[in-house]
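Have a look at the structure first.

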Amino acid sequence: MSDAGFHCFAPDWIGFGFSDKPQPGYGFDYTEKEFHEALDKLLDVLGVKSPFFLVVQGFLVGSYGLTWALKNKSKISKLAILNSPVTVSSPVPGLFQQLRIPLYGEFTCQNAVTAERFIEAGSPYVLKLEKADVYRLPYLASSGPGFALLEAARKINFRDIVSQIADGFASERWDKPILLAWGIADKYLPQAVAEEFQKGNPNAVKLKLIEGAGHMPQEDWPEKVVDALRVFF
């Protein structure tokens with residue numbers, strides 16, 4: 001995207017990747033409100049001027065990116081959504097249900113291969129070793145990433161969040177352009193979810209199906225994702 005002339009920021013959310021992972025109860029509790037506030041602060045520090053293009057993907061903080069967009073409509077000119085839960089019919093993967101189980105969740109979240117296994121389970125491909133290492137490294141470095149994931153998974157109310165998203169982006173409430181770039185081999189979120197979302201606002205939502213890509217099309221087939229984003233933006 002940068003090579004195409006776009007000025008891009010791709011931050012790791014707090015608690016994920018290589019960003020800070022504060023202990024819950026000590027300044028950050030991994031709630032929707034706090035993730036929204038953190039994004040506001042990041043945009044301010046980076047000097048990102050509105051309106052801008054926003055790209056979101058994923059279940060946890062990807063969903064929070066969408067609810068942030070609903071509360072900050074004036075700051076966005078165009079929105080691109082990669083495979084994310086956008087309808088009330090969107091199924092929730094078993095991992096997030098497992099993390100809610102006392103003790104079992106604490107054990108599961110400290111498994112260093114959890115992130116890569118989750119990605120591979122939603123994809124038709126196996127991650128290359130060098131990519132898997134990037135996802136695995138934070139979990140090997142400390143217990144912080146696991147407990148951040150655990151706290152975020154236990155704080156999110158998926159039923160409420162997807163209701164906000166489905167209602168907020170419906171025709172009568174949202175009129176800015178949306179690209180729904182969807183990996184059709186997603187084993188978590190079927191193509192029907194994308195089609196249902198588009199029907200809720202056919203004038204604003206353009207659906208681009210990405211063949212050969214799964215839940216994370218930006219990992220499975222980045223070239224196709226870049227092409228779709230370049231045309232849309």
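K155 is partly exposed, with a relative accessible area of 37% (buried means under 20%, exposed over 50%, partly exposed in between, using a 1.4 Å probe and protein chains only). Its partner in a salt bridge is E151, and the closest N and O atoms are 2.9 Å apart; a salt bridge here is a side-chain nitrogen of Lys or Arg within 4 Å of a carboxyl oxygen of Asp or Glu. Both E151 and K155 belong to helix α7 (residues 144-155), four residues apart, about one turn of the helix. Helices are DSSP runs of H or I with at least four residues, numbered from the N terminus.

A quick word on the source: this is a predicted model, where local features need pLDDT of at least 70 and side-chain atom pairs count only at pLDDT 80 or more, while totals for chains, interfaces and linings use all residues. Residues are numbered from 1 along each chain as its sequence is written, and side-chain values use heavy atoms, with hydrogens and water left out.

Now over to helix α6, where R136 and D133 sit three residues apart. They form a salt bridge too, with the closest N and O atoms 3.0 Å apart. This pair is part of a network of salt bridges that links E116, R117, E120, D133 and R136.

Two of those names, E116 and E120, are among the buried residues of α5. That helix (residues 114-121) is mostly covered, with six of its eight residues buried, and its cover includes α3 (94-99), α4 (104-108) and α6 (129-141).

Technical notes: Helices (H or I, at least four residues) and strands (E, at least two) are DSSP runs, numbered from the N terminus. Contact means heavy atoms within 4.5 Å.
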